Amino acid sequence: MNKSELESIIARKLDKPVGETHLFVNTMLESIAEVLAANEEISLHNFGKLYPNRRKEHLVRNPKNGVPCMLKPILSVKFRPGKGLLDYINPK
């Protein structure tokens with residue numbers, strides 16, 4: 001599923017035009033990105049937690065020629081699913 005398909009599903013469920021849900025989805029994703037860029041975590045009850053993960057600089061090898069090089073430290077994102085989401089996707 002891509003973003004436009006998600007927008008269509010939300011529009012159908014809320015009985016709203018796709019343009020409104022497009023604005024909603026974009027605003028939500030932008031807000032999530034801003035919070036994570038500020039090195040803060042986002043907890044969504046019964047869904048899960050998104051949290052920033054700082055990766056350290058480390059040595060790797062170029063797979064094409066085997067030359068070692070250093071990867072710069074980056075800020076990545078991890079997701080830990082909540083119990084509600086896990087129960088929903090794994091019914092008993």
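Against which elements do the buried residues of α2 pack? They pack against α1, β1 (42-44), β2 and β5 (74-81), as the views below set out. The model is a predicted one, in which local features need pLDDT of at least 70 and side-chain atom pairs count only at pLDDT 80 or more, whereas totals for chains, interfaces and linings use all residues. Residues are numbered from 1 along each chain as its sequence is written, and side-chain values use heavy atoms, with hydrogens and water left out.

View 1. Helix α2 covers residues 18-37, where helices (H or I, at least four residues) and strands (E, at least two) are DSSP runs numbered from the N terminus. Its 20 residues reach 28 Å from the first C-alpha to the last, close to the 28 Å expected at 1.5 Å a residue, the expected span being 1.5 Å times one less than the number of residues. In α2, T21, V25 and L36 are buried, and they lie on the same side of the helix because they cover an arc of only 40° around the axis; the arc is that of the directions from the helix axis to the C-beta atoms. Buried means under 20% relative accessible area, exposed over 50%, and partly exposed in between (1.4 Å probe, protein chains only). The face of α2 turned away from the buried side carries the exposed residues G19, L23, E30 and A37. N39, which follows α2, has a positive phi near 65°.

View 2. E7 lies in helix α1 (residues 3-14) and, leaving aside its neighbours within four places in sequence, is in contact with T21, H22, V25 and N26, contact meaning heavy atoms within 4.5 Å.

**View 3. N53 in strand β2.** N53 is placed in strand β2 (residues 48-55) and counts as partly exposed because its relative accessibility is 21%. Leaving aside neighbours within four places in sequence, N53 is in contact with I74, L75, S76 and K78. The C-alpha atoms of N53 and F79, which are 26 residues apart along the chain, are separated by 9.9 Å.
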